[in-house]
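Subject: Structure handover

Hello,

Here is the structure you asked about. Please open it alongside this note; what I found follows below.

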Amino acid sequence: MAFEGIRLSKSQSEAVSAVFFEADTQNSGCIDVKLVPALVRKLLGRQPHGLDPHIVRIKAEASSTKGLIQFTDFVGVMADAMAQTTNWGALKTHVGGYVGIDTIQEQIRRKALKKGFEFNIMVVGASGLGKSTLVNTLFKAKVSRRSCATEEDKTPIIPKTVQIKSVGHVIEEKSVRLKLTVTDTPGFGDHINNENCWLPIIEYINEQYEKYLGEEISVNRKRHIPDTRVHCCLYFIAPTGHSLKPLDLEFMSRLDKCVNIVPIISKADTLTVEERQTFKKKIRDELDSHGISTYPMKHLDEDDEDMVVNTNLRDKMPFAVVGSDKVYQVSGKPILGRRTNWGLIEVENRAHCEFANLRDMLIRSHMQDLKDVTESIHYEKFRRETLKGREKAVNGLEESRC
Ligand SMILES: Nc1nc2c(ncn2[C@@H]2O[C@H](COP(=O)(O)OP(=O)(O)OP(=O)(O)O)[C@@H](O)[C@H]2O)c(=O)[nH]1
Ligand SMILES: [Mg+2]
């Protein structure tokens, strides 16, 4: 049996036919179109990677008549679905001996190690919320900006950020290299009129997309396009314990269209544990009711496993964090912390705050996914709109010449 451009082996054809005819309980040669997404999932795996179930449903409906789809059209839908995924589930052909495909993972790992990884974070939020401090805390190094000391007081302080500034660092751990770029932004909200204060930030994000697109479509494009696109925007929420400010809602509802937003409650040492929980719930409800989509987005969960991990994260967010670049000695060990009247708050201690949860998500579990979502959702949207706009402009120019 041949799908559009895909030739099926005997066992694959049998699997497709079997699943179709099992669903065709009336032996009528057609099945209810609503069953198609479930049958595709059955054949290609639980929730095939990269395959959007809504698109499968729409394509199936387009090939149906009065809610019924025929066998040949079902095969067409399967062909489309197969072309979009690498999970071929029950459609795989059993091999007679060892081929060696299990080494692909190792080959990819070696290549990736040689190339190194790039990850770009941006911190955004109202003035003085600890953005520059947290960035330093996150990477256990002064990746943001140098602390500086005042004349009279020799304690290092972090100066107010006055312009958007990106600093790149190469960090290496166990021979894995990460080129990390942190974009620190000036805090907003200082002015009486904060109208359009998000503009420079959104412009910066789009400029990076523009740069990447320029390289991507150039005739002599580089083998490796430097990636300066913002993969994650940490949005700082003031620890008021009440609700989000109108400016926060306005800012985030603009940002979520072009970047992955991870909201966090900063300076969590100023809230009790109970206050944090109530505040978090309030923020989640407010974001929901304003239709603001934060990372990880529910509709992008790729399979059941993703859904479990991400639901757990979504239920805990926004993380309530404490930042500090001061090291204290605790039982002879250097610990990042903040000394308060009530004792030392250990930044990385999960009983004290959720800094460790944030770091785990950004670096240990979701770094690649943040990059993938940036590429396939945010950059793709920018690319589509920009190229469409250019196409329209060219067509308009040609028409006016005629
Ligand atoms: N209590 C408390 N203070 C913090 C925390 N993080 C930072 N600070 C203090 O807050 C002040 C402002 O910190 P910055 O990191 O400069 O804040 P920022 O958001 O970068 O400020 P701008 O650049 O002006 O927008 C400094 O005095 C920090 O020491 C925290 O988690 N808890
Ligand atoms: Mg700052």
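**Ligand 1 and its shell**

There are 19 residues around ligand 1, and Gly130, Lys131, Thr133, Thr161 and Gly187 come nearest. Keep in mind that this is a predicted model.

Which helix gives the most to this shell? Helix α6, residues 131–138, does, with 3 residues. By class, the shell around ligand 1 holds 10 polar residues, 5 charged and 4 nonpolar.

**Helices α7 and α12**

Next, a helix pair. Helix α7 covers residues 199–216. Helix α12 covers residues 367–401. The axes of α7 and α12 lie 10 Å apart, and the packing angle is about 70 degrees. Angles of 65 to 115 degrees count as roughly perpendicular, so α7 is roughly perpendicular to α12. Their crossing is right-handed.

Which residues make the contact? From α7 come Asn206, Tyr209, Tyr212 and Leu213. From α12 come Tyr379, Phe382, Arg383 and Thr386. The contact of α7 with α12 divides into 5 nonpolar residues, 2 polar and 1 charged.

**Gly389**

Stay on α12 for a moment. Gly389 is found in this helix. Is Gly389 buried or exposed? Gly389 has 10 C-beta neighbours inside 10 Å, so it counts as exposed. The cut-off for exposed is 12 or fewer.

One distance to go with that. Gly389 and Ile69 are 320 residues apart along the chain. Their C-alpha atoms are separated by 37 Å.

**Helices α2 and α3**

Helix α2 runs over residues 36–44 and helix α3 over residues 53–62. They pack at an angle of about 125 degrees, and their axes are 9 Å apart. That angle makes α2 oblique to α3. The crossing in which α2 passes α3 is right-handed.

What makes up this contact? On the α2 side there are Val36, Pro37 and Val40. On the α3 side there are Pro53, Val56, Arg57 and Ala60.

**To recap**

The shell around ligand 1 has 10 polar residues. The pair α7 and α12 is roughly perpendicular. The pair α2 and α3 is oblique.

Best wishes

Definitions and conventions. Residues numbered from 1 in each chain as written. Chains lettered and ligands numbered in written order. Predicted model: local features only at pLDDT ≥ 70, side-chain atom pairs only at ≥ 80, totals over all residues. Helix = DSSP H or I, 4+ residues; strand = E, 2+ residues; numbered from the N terminus. Buried ≥ 20, exposed ≤ 12 C-beta atoms within 10 Å, placed from the backbone. Axes fitted to C-alpha atoms, helices over the stretch in contact; angles between N-to-C directions. Parallel < 35°, antiparallel > 145°, perpendicular 65-115°, else oblique. Left-handed = near helix turned anticlockwise from the far one by under 90°. Contact = placed C-beta atoms within 7 Å. Near = placed C-beta within 6 Å. Nonpolar A, V, L, I, M, F, W, Y, C, P; charged D, E, K, R; others polar.
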